Each structure stands twice: as structure tokens, then as C-alpha cells.
Amino acid sequence: MADIFALTQQALAGTDIELVEVEWAPRGVLRVVIDHPQGVSIDHCENVSKQLSRVFEVENIDYARLEVSSPGVDRPLRRIGDFVRFSGHRVELRFHEAVENQKVFVGVLIAPDEASVEAVDPDTQFVLELEQTSGGVKDLSFTFDEVDRAKLDPVLDFKGRKR
């Protein structure tokens, strides 16, 4: 899988498309998840699909169907740069070790002011701002290496505005 991820990443090098994930699904489906700074459009998916189809044919990658999609509203945060990029967003974090008898937390992710996607390391201290039931905010400090899984956790309003 590392080879197909690296091959896909290399095929997308030089574009403004970010590779989020590559996975094999049942029945030979090869799923590629991409992101774009302004959001993923159908055109992005179509162009990446065409490009990867040609690359995979040349490299003899055998698959039944190629699916290219956006990561969705609950985008996984896989790389340390994602933690900087999505600073200020609401996220759900699952830690390797329990913190105060709890492994899963939801709050606003805060990266250090001086942090940049290019210049951040696993020892960088991030903060998760947790809303307290009493109305206050509690800060939980952590490093990238302490996190098992992370994803965006936006609050969606399907009712619309009330006038």
C-alpha cells in the first residue's frame, strides 16, 4: 500500500491537489481521497481520475474500479501539517493513552503561532480547547505523536436560518 500511495503522490506532484488517502476496498475498488485548498470539485475528481488511470495503466496496477473523491466534512487529519492547516477548526481527537480517564475529545484545535505546515515537528505542542459544561474553556496540550486518530468535526446546521 505504501508503494501505491507513493506512486499516487508522485503522480499528483506539481498540482495543487493534496493526496489524503489511498485504500483498497472490496471487489477491487481503488479509492483515492484528495483535497484542494478551495475545496474539491467534480472537475478535480475527474482530472485526477484521468491522470491516475493513465499512470496506473503504465505501472500495471490492477484494479476493477477507481474512485476519486473529496475527504468530506469529517476529513481525517493524518499528517502533522494537517494540524497546522486546520488550526482554529473543531476536531475530534482519539489519543493512544487515556487523559483524565478519557481517550476521545472534541474541541477547537490550536497550533502555536509560529508553526507553519513546512516547519513543524512531532514535538510541537498543540492545544485542544474544550468547552466545559460550566461554560468555561479548558485547554488540553498534546503532541502529534500522542494522537491515535484525528478528524474534523464541524457543527452542521440542516435547519437553515430562522427569520
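A salt bridge is a side-chain nitrogen of Lys or Arg within 4 Å of a carboxyl oxygen of Asp or Glu. This definition is needed for several stops of the tour below, which passes through a predicted model.

**The whole chain**

Begin with the entire protein in cartoon view. Three helices and eight strands can be found. Followed from the N terminus, the elements run α-β-β-α-β-α-β-β-β-β-β. Along its principal axes, the C-alpha trace spans about 60 × 45 × 30 Å.

Of the 163 residues, 34% are buried. Consider also the contacts between residues at least 6 apart in sequence: 50% of these join residues at least 24 apart.

**First stop: Ile4**

Select Ile4, which is placed in helix H1 (residues 2-12). Is Ile4 buried or exposed? Its relative accessibility is 7%, so Ile4 counts as buried, the cut-off for that class being under 20%. Now display what surrounds this residue. Neighbours within four places in sequence left aside, Ile4 is in contact with Val22, Trp24, Leu30, Phe56 and Ile61. For a distance to check in the viewer, select Asp74 as well: the C-alpha atoms of Ile4 and Asp74 are separated by 24 Å, and the two residues are 70 apart along the chain.

**Second stop: Glu67 and Arg31**

Select Glu67 together with Arg31 and show both side chains. They form a salt bridge in which the closest N and O atoms are 2.9 Å apart. Glu67 belongs to strand S3 and Arg31 to strand S2 (residues 29-35), so this pair links distant parts of the chain, 36 residues apart. Glu67 counts as partly exposed at 24% relative accessibility, and Arg31 is likewise classed as partly exposed, at 28%.

Move to Arg94 and Asp148, whose side chains meet in a salt bridge with an N to O distance of 3.7 Å. Here too the pair links distant parts of the chain: Arg94 lies in strand S4 (residues 90-99) and Asp148 in strand S8, 54 residues apart. Arg94 is partly exposed, with a relative accessible area of 28%. Asp148 is also partly exposed, at 36% relative accessibility.

Select Glu18, Asp35, Arg75, Arg79, Asp82 and Arg85 at once. Salt bridges that share partners join these residues into one network. In the whole protein, the count of salt bridges comes to 14.

Arg79 is partly exposed, with a relative accessible area of 28%.

Then centre the view on Arg85, in helix H3. This residue counts as partly exposed at 30% relative accessibility. Residues up to four places away in sequence not counted, Arg85 touches Glu18, Asp35, His36, Pro37, Arg75 and Val117. As another distance to check, the C-alpha atoms of Arg85 and Ala98 are separated by 26 Å, while the two residues are 13 apart along the chain.

Return to the surface view and select Val73, Leu156 and Phe158. These residues form a nonpolar patch on the surface, with about 360 Å² of accessible area together. Val73 is found in the loop between strand S3 (65-69) and helix H3 (80-85). Its relative accessible area is 51%, so Val73 is exposed, the class that begins over 50%.

**Last stop: a patch of negative charge**

Finally, select Asp121, Asp123, Asp145 and Glu146, which gather in a patch of negative charge on the surface. Where does Asp145 lie? The loop between strand S7 (137-142) and strand S8 (147-152) holds Asp145. At 47% relative accessibility, Asp145 is classed as partly exposed.

Definitions and conventions. Residues are numbered from 1 along each chain as its sequence is written. This is a predicted model: local features need pLDDT of at least 70, side-chain atom pairs count only at pLDDT 80 or more; totals for chains, interfaces and linings use all residues. Side-chain values use heavy atoms; hydrogens and water are left out. Helices (H or I, at least four residues) and strands (E, at least two) are DSSP runs, numbered from the N terminus. Buried means under 20% relative accessible area, exposed over 50%, partly exposed in between (1.4 Å probe, protein chains only). Contact means heavy atoms within 4.5 Å. Patches are made of residues with over 30% relative accessible area and no salt bridge: like charges are joined within 9 Å, nonpolar side chains (Val, Leu, Ile, Met, Phe, Trp, Tyr) within 5 Å. Accessible areas come from the Shrake-Rupley method with a 1.4 Å probe; for residues, only the protein chains shown count as cover. Lys and Arg count as positive and Asp and Glu as negative; His and the chain ends are not counted. The place of a charge is taken as NZ of Lys, CZ of Arg, CG of Asp or CD of Glu.
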